[in-house]
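Subject: Handover of a structure and notes on its interior

Dear colleague,

I am passing on the structure below, together with notes on what was found in it. Please read them with the model open beside you.

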Amino acid sequence: KRPTLSFISINNRQHLPCRSKDTSDLSTPVRVEQLAIPLIFVMYSVASRRNRVTPKKESSSPASFGINFYNDVPTVELDLDTFEIYALKRLKVLRKLEQFRTFKLTRDEFRHRVKEVLDEEELTGPVDETSHFILRLSYCQTEDLRRWFLTHECDLLRIRLQLLPTEKLAKLVQSYLNIKPITDDRKKELRPQLLLTKGNNGGVMSSNEFNDARFFAVPFTQALDLVARRECYLEGGQAYISQHRVEAILLAKFRMHLSRELATLQTHVSLDTSLQYDAEGSRVYPLLKSLSHCLVHKEQSSTDYSSGGQALTAGTVANHVSNMPLCMQEMHKGMKRHGKLRHFGRLQYGLFLKGVGLDMDNALLFFQRHFTAVTGEQFQKEYAYNIRYNYGKEGKRKSRDPYSCTGLIQGNAPGTRGDFHGCPYKHYDVDHLSTLLNDLNVKDKKEVLDLKKAGHFGLACQKQFVSRHPRAMEFPNDVVPVDNIGNHPNAWFRASRAYQAALSAEPPKTNNNPQTSNASPASQMGESPTSMTVSPS
């Protein structure tokens, strides 16, 4: 028997199984409304997964249209491995949504890419429902986590509503919001006013579009967003909205419900006190606690990042500084300027270079060449051991992995003037960061700085990548892998090198302007060709 999901009441911690032990009553699940409080907490117990019974959904429910508003907690049994798989599936989709927002995609391209991710992760049915409630538990703990989860869950629902056929959307509105379309006579009566509302293309609604559209009358308090944007007609306290605008009503209701549930869950549940010291709960506690900052794509070390399929060496590192993210560029410049790096700088930069393919012998040679402020004997005594330790040749003889962006952001902040480690978007002030972005000719500097001010450091890094690699989204993901940008520095380097290689492999374009036809990959990365190479000193 394996550990499986069951529910527990928070107020008295009395175990309530997912289904009745009486085999004659297997179809009756425990209802959430029967608990002392409206929310439940997930715990683990040992139970058999055989004879599982899934309650039938009514044909008029939103789920029958492929949409779930997550009003009812699922009564399912999951083993521990499946629990983690479901959580990571949904987290990967939400992270992709966040990433796509930073790329310059059209509305159709955005929907297409999200649909591809949903199909790839098979986020439908029980997987979709269960994974939502698992992430609720993980993301209810702080205001920032609740805001992130709420924003991206609403984005996901918006995309799903946009992918629904017109007939299904109309039936969903009638069943979930309990409103019906206005009659044809009323529609003809309000024709002059309704024609002034916005159509699908954002302009004034055309006559053909008006004839095909359905209109709904809802209390204006349920359509405040549409009222603010003047995208509906108001009369007698009713807002008349077209069918393609009704998604705003659905999203507003979903946002209000989810926000209330997250706040209530945070009030009654604390991962630290409820799970950490519980005999059974201690097994699921680390997973729920770490979900909010875990990597959904693991970065692997590589020895094939440099041009021509050759491994990175001590003499070629400087040629690829322009392919590094801002954090690693800062450490490289600081090392050259001061002739050495302090402990955390050596650790972060050394592990980064190891991750992009620099072997131990070349790493020792590289740092010894650049640590001009120390003698060769001093380098061997004070620094060489730590480099060998990172490669698993000293101490515990365990190879270390490069730091992720979360490790840089949450790790030790740079202190004195000689420190260059950490994340520039997190630890630098706006003026300093603005100067660095100007030096790199980042065109979307204002957007990057706005994301930094809002505390979205990973998104700011992604935005800078898009600004310096403007055509990155034109290539397939297996050609220019953008999955982990903003989550791992090595992913930034890997995608930048792949982008440069993809541009070089393209056939030259023939036109009348010789400067344009002979444009180098460097110029298409938002920088001058001379800035591609940083000669070693």
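**Overall make-up**

Of the 537 residues in the protein chain, 51% count as buried, where buried stands for a relative accessible area under 20%, exposed for over 50% and partly exposed for values in between, computed with a 1.4 Å probe on protein chains only. This is a predicted model, in which local features need pLDDT of at least 70 and side-chain atom pairs count only at pLDDT 80 or more, while totals for chains, interfaces and linings use all residues. Residues are numbered from 1 along each chain as its sequence is written, and side-chain values use heavy atoms, with hydrogens and water left out.

The protein chain has 24 helices and six strands; these are DSSP runs numbered from the N terminus, helices being H or I with at least four residues and strands being E with at least two. Among the contacts in the protein chain with a separation of 6 or more, 70% come from residues 24 or more positions apart, a contact being a case of heavy atoms within 4.5 Å.

**Nonpolar cores**

The largest nonpolar core has 123 residues, and those with the most contacts inside it are Tyr349 and Leu353; such a core is a set of buried Ala, Val, Leu, Ile, Met, Phe, Trp, Tyr and Cys residues joined through side-chain atoms within 4.5 Å. Helix H4 contributes the largest share of this core, with nine residues. Apart from this core lies another, of ten residues, among them Leu190, Phe210, Ala213 and Tyr233. Not counting residues up to four places away in sequence, Tyr349 touches Val317, Met324, Met328, Met331, His332, Met335, Leu341, Phe366 and Phe367. As general background, nonpolar side chains tend to be buried together in soluble globular proteins.

In helix H5 (residues 166-176), the buried residues are Leu169, Ala170, Leu172, Val173 and Tyr176. Seen down the axis of H5, these residues fall within an arc of 160 degrees, so they line one face of the helix; the arc is that of the directions from the helix axis to the C-beta atoms. Their cover includes H4, strand E4 (215-219) and helix H10 (247-268).

His132 has its place in helix H3 and is buried, with a relative accessible area of 0%. Leaving aside neighbours within four places in sequence, His132 is in contact with Tyr70, Arg90, Phe149, Glu153 and Leu258. Tyr499, in helix H23, is also buried, with a relative accessible area of 0%; Tyr499 and Val480 are 19 residues apart in sequence and 5.6 Å apart in space, C-alpha to C-alpha.

**Pocket and cavities**

Both terms rest on a 1 Å grid over the protein atoms alone: a cavity is a set of points where a 1.4 Å probe fits but cannot get out, a pocket is an open set with protein on both sides within 12 Å along at least five of seven lines, and lining residues have an atom within 4 Å of a point. Grid points are joined across faces, edges and corners, and a volume is the space filled by probe spheres set on the points.

The second largest pocket has a volume of about 990 Å³. It is lined by 33 residues, of which Leu145, Trp148, Ser292, Gly455 and His456 are the closest to its centre. H4 gives the most to this lining, with six residues, and the lining divides into twelve nonpolar, 15 polar and six charged residues. Here Ala, Val, Leu, Ile, Met, Phe, Trp, Tyr, Cys and Pro count as nonpolar, Asp, Glu, Lys and Arg as charged, and the others, Gly among them, as polar.

The structure also holds seven cavities of 30 Å³ or more, and about 120 Å³ of space lies in the second largest cavity. Of the 16 residues that line this cavity, Cys327, Cys405, Cys423, Tyr425 and Cys461 lie nearest its centre, and the lining divides into 13 nonpolar, three polar and no charged residues.

**Positive phi values**

Most residues other than glycine have a negative phi. Glu122, in the loop between helix H2 (107-121) and H3, has a positive phi near 55 degrees and is exposed, with a relative accessible area of 54%. Arg397, in the loop between helix H17 (384-390) and H18, has a positive phi of about 55 degrees and counts as exposed at 57% relative accessibility.

With best regards
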